[in-house]
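Hello,

Here is the structure I promised to send over. Have a look at it first, and my notes follow below.

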Amino acid sequence: MPAPPTALRSARLLARTEDGERLHALVWRAGPGWRMISSAVLGGGIGERDWVLNAQVAHGYRRTDPERHLAELAAGAGLTGAGVGLMTAADVTRHARAEDGGAQAVVTAGISVRGWAAAPAQAAAPAQAAAVPAQPGTINIVVAVPAALTDAALVNAATTATEAKVQALLEAGHACTGTPTDAVCVAARLPAPAEPPHAFAGPRSLWGARLARAVHRAVGEALAHA
């Protein structure tokens, strides 16, 4: 039986007014049948998820309860059940999409705050900054593959997506590995009865390679509009 089509292409934009500012959110109503791995503040980790919300917030965001804020935004968008919520101060209307062999990626990018992952200790942000996850520079990556992956392969897929992001950054002339607040979400189908999930999603595996090419292209396009 052929794998069901990936539905990430159905992600759509919603608009809201918050503190007098017009803001947008990118919403994917995945529906049942998906497992996701994410570093997001809301719904992060590994588990079955029904939706993904990538919400734009104002520059200089100062709320210290981002998980609650995202839950409020999700409820306001009519999203129910378990989902993943990401934040960014980047303009999500300028998102980029790419597809490769069924793997799909949607990326929003802001790079005003960027640097190397292994920065010297004195360059690291103070500990209290961790309470403010959304800064002007944030690259959020959402990927979906129409195949089942093991837990280990989901971790592998998130790593592969990150490697593809860094490749796109370097090729675009940005001497950095990303921003301090980048987030990733990878969705894979639940396995059908008697269907063995894929055990690998590295860049030379079937789905890892497709995922990497989709993310690489989407990040490159998003950076061009950042």
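A cavity here is a set of points, on a 1 Å grid over the protein atoms alone, where a 1.4 Å probe fits but cannot get out, and its lining residues have an atom within 4 Å of a point. This is a predicted model, in which local features need pLDDT of at least 70 and side-chain atom pairs count only at pLDDT 80 or more, while totals for chains, interfaces and linings use all residues. Residues are numbered from 1 along each chain as its sequence is written, and side-chain values use heavy atoms, with hydrogens and water left out.

The cavity

The count comes to one cavity of 30 Å³ or more. The largest cavity holds about 50 Å³ of space, a volume being the space filled by probe spheres set on the points, which are joined across faces, edges and corners. Its lining is made up of Leu 8, Ala 11, Leu 26, Trp 28, Val 52, Asn 54, Val 106 and Val 142. Strand E2 (21–29) and strand E5 (51–56) are the elements that give two or more residues to this lining; strands (E, at least two residues) and helices (H or I, at least four) are DSSP runs, numbered from the N terminus. Seven of the lining residues are nonpolar, one is polar and none is charged, where Ala, Val, Leu, Ile, Met, Phe, Trp, Tyr, Cys and Pro count as nonpolar, Asp, Glu, Lys and Arg as charged, and the others, Gly among them, as polar.

The salt bridges

The whole structure has seven salt bridges (a side-chain nitrogen of Lys or Arg within 4 Å of a carboxyl oxygen of Asp or Glu). One of them pairs Asp 151 with Arg 35 at 2.6 Å, N to O. This pair links distant parts of the chain, with Asp 151 in helix H2 (residues 151–171) and Arg 35 in strand E3 (residues 34–38), 116 residues apart. Arg 35 is buried at 16% relative accessibility, whereas Asp 151 is partly exposed at 42% (buried is under 20% relative accessible area, exposed over 50%, partly exposed in between, with a 1.4 Å probe and protein chains only).

Glu 72 and Arg 63 also meet in a salt bridge, at 3.6 Å, N to O. Glu 72 is partly exposed at 41%, and Arg 63 is partly exposed at 30%. Shared partners join Arg 63, Asp 65 and Glu 72 into one network of salt bridges.

Best wishes

Methods:
1 Å grid on protein atoms, 1.4 Å probe; cavity = no way out; pocket = protein on both sides within 12 Å on 5 of 7 lines; lining within 4 Å.
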